[in-house]
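Could you look this one over with me? I jotted down some notes while going through the model.

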Amino acid sequence: MVEFKQVHSLFVGEVSGIDLRDPVDAETQAALVSALDTYGMLVFHDQKIDDEQQMAFSARFGPLGQTAIVKRKGYTPRLNPHFTDISNLDENSEVLALNDRRRMMALGNRLWHTDHAFRPIPSKYSLLFAHAVPSEGGETEFADMRAAYDALPDARKAQVADKVAMHSLMYSREVIGFTDFAPEEHAAFPPAPHPLVRTHSGSGRKSLYLAAYASEIRDMPVPDGRILLRDLTEHATQRQFVYTHNWRVGDLLMWDNRSLMHRAGDYDMTQRRDLRRLTVMQEISTMDEARVA
Ligand SMILES: [Fe+2]
């Protein structure tokens with residue numbers, strides 16, 4: 001029987017009694033969704049799944065997303081296009097060179113973000129599985145955006161209540177000086193609007209919806225919007241809201257992007273780090289979600 005144990009005072013549940021190679025029944029699935037509503041993130045240790053099994057488990061929770069990588073000449077993806085390749089490996093599973101475009105693009109994951117927030121319909125859940133990890137470093141940090149919202153002063157809550165932020169994939173890379181995008185990539189990812197504060201349908205809790213993609217706030221001068229976004233991000237990523245996950249091979253992390261923000265940590269990039277992520281997408285945009293809430 002599936003069981004949950006709180007391993008972090010805020011939002012991390014460790015799951016036991018489940019082998020993800022086996023089909024998940026409806027009762028277990030409902031228990032996992034309910035646990036995610038409460039915690040925000042679930043950790044499954046010592047799993048032995050392949051890509052197909054990760055896809056089968058993930059697809060139980062909704063439609064799978066697609067990688068944001070636009071096909072470029074001479075580039076062959078290593079994984080099925082449903083996967084986002086969170087590795088430092090090329091299509092032959094060799095470590096990427098320091099000047100490889102894919103490695104530099106992936107450095108954007110070191111900034112605090114929520115997955116697929118650059119799309120009008122972003123992801124609900126992310127499921128990240130560890131095939132290989134470096135000997136040290138390469139951790140992932142998570143911040144609880146519900147607790148961060150709750151801790152805002154009332155005046156700040158009033159200020160952000162009805163604000164809409166524009167999220168751009170390209171902006172998050174420009175911030176670190178990476179601008180090597182083709183016109184078709186710009187065309188594929190126009191800025192997407194999202195409410196700055198969301199209400200979680202499962203728990204009823206409010207959360208800040210932030211990401212490094214957020215470049216401005218509608219109806220505010222750009223500098224004012226960026227300063228507000230920076231202030232909110234600094235607030236939300238204070239240590240008391242953050243859990244750091246030190247990866248072991250066989251860990252699967254499943255988290256709710258409506259509740260948490262995350263970022264990757266530094267590591268020795270001559271060592272192999274092979275993590276593979278699937279996303280379960282929302283069915284409606286965040287703007288529609290806010291209208292029906
Ligand atoms: Fe991510």
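1. Ground rules before anything else. Residues are numbered from 1 along each chain as its sequence is written. This is a predicted model, where local features need pLDDT of at least 70, side-chain atom pairs count only at pLDDT 80 or more, and totals for chains, interfaces and linings use all residues.

2. Start with the open sheet of 3 strands, ordered β8-β7-β11 with antiparallel pairing. Helices (H or I, at least four residues) and strands (E, at least two) are DSSP runs numbered from the N terminus, and two strands pair if DSSP finds at least two bridges between them. The edges are β8 (192-195) and β11 (214-217); each has a single partner strand, so one side of each lacks a neighbour in the sheet. From one strand to the next, the twist averages 35°.

3. Within that sheet, β7 (residues 164-167) pairs with β11 in the antiparallel sense over 3 bridges.

4. Helix α8 (residues 222-236) lies across β7 and β11, at about 125° to β11. Axes here are lines fitted to C-alpha atoms, for helices over the stretch in contact, with angles from 0 to 180 degrees between N-to-C directions. Contact means that C-beta atoms, placed from the backbone, lie within 7 Å.

5. Leaving out residues up to four places away in sequence, Leu232 touches Leu208 and Leu210.

6. Now the other helix. In α2 (residues 51-59), the buried residues are Gln54, Phe57 and Ser58. Viewed down the axis of α2, they fall within an arc of 95°, so they line one face of the helix; the arc is that of the directions from the helix axis to the C-beta atoms. An α-helix has 3.6 residues a turn, so residues three or four places apart point the same way.

7. Strand β15 is itself mostly covered, with 6 of its 8 residues buried.

8. Finally, the pairings of β15. With β5, the pairing is antiparallel over 8 bridges, and Leu128 stands opposite Arg277 in β15. Strand β4 (residues 84-87) also runs antiparallel to β15, joined by 4 bridges, with Asp85 opposite Arg276.

Key
Two residues are in contact if their C-beta atoms, placed from the backbone, lie within 7 Å. A residue is buried if 20 or more other C-beta atoms lie within 10 Å of its own, exposed if 12 or fewer, and partly exposed in between; C-beta atoms are placed from the backbone.
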